[in-house]
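The following exercises concern one protein model. Each gives a task and then a worked solution in steps.

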Amino acid sequence: MACLAAQMGSILFGCSLGWTGPALADMARSDMSVPTFVTEISTPNIRGLLGMAFKVFGVFGILYMDILSIWLPWNWVAFGGIIPSVLLSLFMFFIPESPNWLMLKFGRCLRVVEALHQLRHPNSDIDQELDELEEQVLSIQSQKASGFSIRLLARQDVYKPLIIGILLCFFQQFSGINAIQFYMNQIFIDSGSSMEPKYAVIVVNCSMFVATLIGCALIDRLGRKILLIVSGTGHAISLAVLGYYYYKNSGSDTGATVNPLTTTSTLSSLLDPYITATEVSAHPESSALPIICLGVFVSAYSIGFSSVIWIVITEICNTAYVGFIQSTCSVFVWLFVFVVTKEFEDLARVAHKYGAYWMFAGICVLSTLFIFYLPETKGQSIDEIQKRFYPKIYKSRPSAPPDVSHVRAI
């Protein structure tokens, strides 16, 4: 039942975001409560699967809008995105509320029991889960009683997940994902491919969809760390090779800009007024290498850094401060998005495109090294993760009463 509920929300919400495009859809996902909700309603053995399922249908929504854009003008394509958004709003009324939220709001009551029965197998023993939820709520209430203050940043269970979350967001955005997405058409043109850019984008997004399916199937088998390491390694290799392609074909690039109004009106010159003359004409022969690099890059991004980092951030957060930590991470994500998209053109002019891609590749190598030092969270309950991450803090938590006979009705 948990899988069905989460899948329903994933399908509709993912499709409703798809019309915004790959980069913006990923950013919108990061600011929503979906990762937290999925974590709260899932059991440890399928928590990663459900978190990735959300991404699967997000990519499906992207492909849905890409295909519509082949035959329909942009305004009708936007209307196509309204349909899943409306369905999402309607079907959310039938999805059970998070037991964690109900326990926090009403205490140990029949509404919590009913929500767990809806989300679990009929033969599941929910008494232990009720005890764990009550223990977490008692901890949250004791922590919130003193209010939020700057001193809380000195707590291990606040500053540690906050630093990890911000670093993961930094590595996600400085992998160059938005630079690649925004200049994808130009890369296709530079490759000399005879395929129209809009069709090539669909091919690349299909590879992203397949990679996301693979990640969805493997995340609860191999774990979060392995997927993130594979993702970072794929980023580094594909960007290094793409940079090498631009380096070998840089020709006699002098940095002179081309005025799109006085030259041939190619798509590349209209989209980017800073493209140099040699960059437009230095690749007269067709090469599949840039397209292969794009396919590898977006596949690597989809299998790990696109959504796994938000699963990890939610899992390692103290329940009392998950909202504050995720909101702060979202602020930093948008800050990093702004920096990358704003400065990429200047960086490409100063260091050339190959220099920019090599810089992103170097950051991806650092991200892979960082992941090695993160503990694995696969197959563990939130309570177990808290004990491993913050043993000193956890010992000070009040224990929930073992008696379950005081469940009250609301």
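**Exercise 1. Surroundings of Ala-356**

Determine which residues Ala-356 is in contact with, leaving aside its neighbours within four places in sequence.

Solution. Step 1: with contact defined as heavy atoms within 4.5 Å, the partners of Ala-356 are Phe-344, Leu-347 and Ala-351. Step 2: Ala-356 has its place in helix H18, residues 322-372; helices are DSSP runs of H or I with at least four residues, strands are runs of E with at least two, and both are numbered from the N terminus. Step 3: between Ala-356 and Phe-344 the separation is 12 residues in sequence and 7.6 Å in space, C-alpha to C-alpha. Step 4: the relative accessible area of Ala-356 is 0%, so the residue is buried (buried means under 20%, exposed over 50%, partly exposed in between, with a 1.4 Å probe and protein chains only). Step 5: His-352 is also found in helix H18. Its phi is near 65 degrees, a positive value in a residue other than glycine, and His-352 counts as partly exposed because its relative accessibility is 22%.

The model is predicted: local features need pLDDT of at least 70 and side-chain atom pairs count only at pLDDT 80 or more, while totals for chains, interfaces and linings use all residues. Residues are numbered from 1 along each chain as its sequence is written, and side-chain values use heavy atoms, with hydrogens and water left out.

**Exercise 2. The protein as a whole**

State how many helices and strands the protein has, and describe its burial and contacts.

Solution. Step 1: there are 20 helices and 0 strands. Step 2: of the 410 residues, 52% are buried. Step 3: among contacts with a separation of 6 or more, 82% join residues 24 or more positions apart. Step 4: the accessible surface is about 18,700 Å², and carbon and sulfur atoms hold 67% of this area, computed by the Shrake-Rupley method with a 1.4 Å probe, where for residues only the protein chains shown count as cover.

**Exercise 3. Packing of H4 and H5**

Describe how helix H4 packs with helix H5.

Solution. Step 1: two packed helices are described by the angle between their axes and the distance between the axes. Step 2: H4 (residues 47-71) and H5 (residues 74-91) pack at about 150 degrees, their axes 9 Å apart; axes are lines fitted to C-alpha atoms, for helices over the stretch in contact, and angles run from 0 to 180 degrees between N-to-C directions. Step 3: Tyr-64, Met-65, Leu-68 and Ser-69 of H4 meet Val-77, Gly-80 and Gly-81 of H5. Step 4: by class, this contact has 4 nonpolar, 3 polar and no charged residues (Ala, Val, Leu, Ile, Met, Phe, Trp, Tyr, Cys and Pro are nonpolar, Asp, Glu, Lys and Arg charged, and the others, Gly among them, polar).
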